[in-house]
Amino acid sequence: MHDARQDTRPDAAPSQAEFRKLMSRFATGVCVVSAKRADGAIAAMTINSFVSVSLEPLLVCWSLHNSASQYDLFSQAPRFGISILAADQGELALRYAARGDAGKSAEDFTRTAHGQPVIAGAIGHFDCRLWAAHPAGDHTMLLGEVVDLAPRDLIDTSVPALGFVNGQFCSIGE
């Protein structure tokens, strides 16, 4: 077994590059967060910083970079959707990872029962109401109260999720 306790530089703080390199070894799921703009148009961005937080109430959290091109919109959106991408949706993830809405396509989306835009064909989605926003270094942590999710019936676990590790997409759950 690998011993992670080996410390060759006990007094030196880790660099950003060292931190990023180690974090790249931690596999994450890939999601798209989406919201309605004031004019009714859809805003969307790819995220991989997504986690469940609480069962009472149902809360999820995602991190938004403070210099993101859509920071003002997402940090103040009263509602947002989070779509968990399927393993075959890597192209879509790349499209929404670009700054702004350059590659956005209305055909990529469907609406929740509450009218929130979410990715069509995703494994599932959460319809959220903004619960809280907390500064966290160069990011803002956005907590959402889950007001609905889909599918509500048995989740099809045979569909692998899109993952990200070592700077590459991967399939999770095959």
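Predicted model: local features only at pLDDT ≥ 70, side-chain atom pairs only at ≥ 80, totals over all residues.

Analyst: Helices (H or I, at least four residues) and strands (E, at least two) are DSSP runs, numbered from the N terminus. Residues are numbered from 1 along each chain as its sequence is written, and side-chain values use heavy atoms, with hydrogens and water left out.

G90, L92, A93 and Y96 of α3 are buried (under 20% relative accessible area; exposed is over 50%, partly exposed in between, with a 1.4 Å probe and protein chains only). Viewed along the axis of α3, these buried residues fall within an arc of 160°, so they line one face of the helix. The arc is taken from the directions that run from the helix axis to the C-beta atoms. On the other side of α3, E91 and L94 are exposed.

The buried residues of α3 pack against β2, β3, β7, β8, β11 and β12; contact means heavy atoms within 4.5 Å.

A nonpolar core is a set of buried Ala, Val, Leu, Ile, Met, Phe, Trp, Tyr and Cys residues joined through side-chain atoms within 4.5 Å. The largest one has 18 residues, and V33, M45, W62, L64, F74, F80 and I82 touch the most other members. At least two residues of this core come from each of β2 (31-36), β3 (42-47), β5 (58-65), β6 (79-84), β9 (124-136) and β10 (139-150). L92 is placed elsewhere: a second, separate core of twelve residues includes V30, V32, L92 and L162. As background, nonpolar side chains tend to be buried together in soluble globular proteins.

Neighbours within four places in sequence aside, F74 is in contact with V33, S34, A35, A43, A44, M45, W62, L64 and L142.

Strand β3, one of those packed against by α3, contains I47. I47 is buried, with a relative accessible area of 6%. Apart from neighbours within four places in sequence, I47 is in contact with G29, V30, C31, V33 and W62. Two of these names have come up already: V30 is in the second core, and W62 is in the largest. T140 lies 93 residues from I47 along the chain, and the C-alpha atoms of the two are separated by 13 Å.

Next come β7 (109-111) and β8 (117-119), which the buried residues of α3 also pack against. H114 sits in the loop between β7 and β8. H114 is partly exposed, at a relative accessible area of 47%. With neighbours within four places left out, H114 is in contact with R79, D127, V147 and D148.

D148, one of the contacts of H114, is found in strand β10. D148 has 17% relative accessibility and counts as buried. Beyond its neighbours within four places, D148 is in contact with A113, H114, H125, F126 and D127.

The loop between β10 and β11 holds P151. The peptide bond from A150 to P151 is cis, with omega near -5°. Another cis peptide bond runs from E56 to P57, with omega near 0°; P57 is found in the loop between β4 (50-55) and β5.

N166 is in the loop between β11 and β12. N166 has a phi near 55°, a positive value in a residue other than glycine. N166 is partly exposed, with a relative accessible area of 38%. For background, most residues other than glycine have a negative phi, and most peptide bonds are trans.
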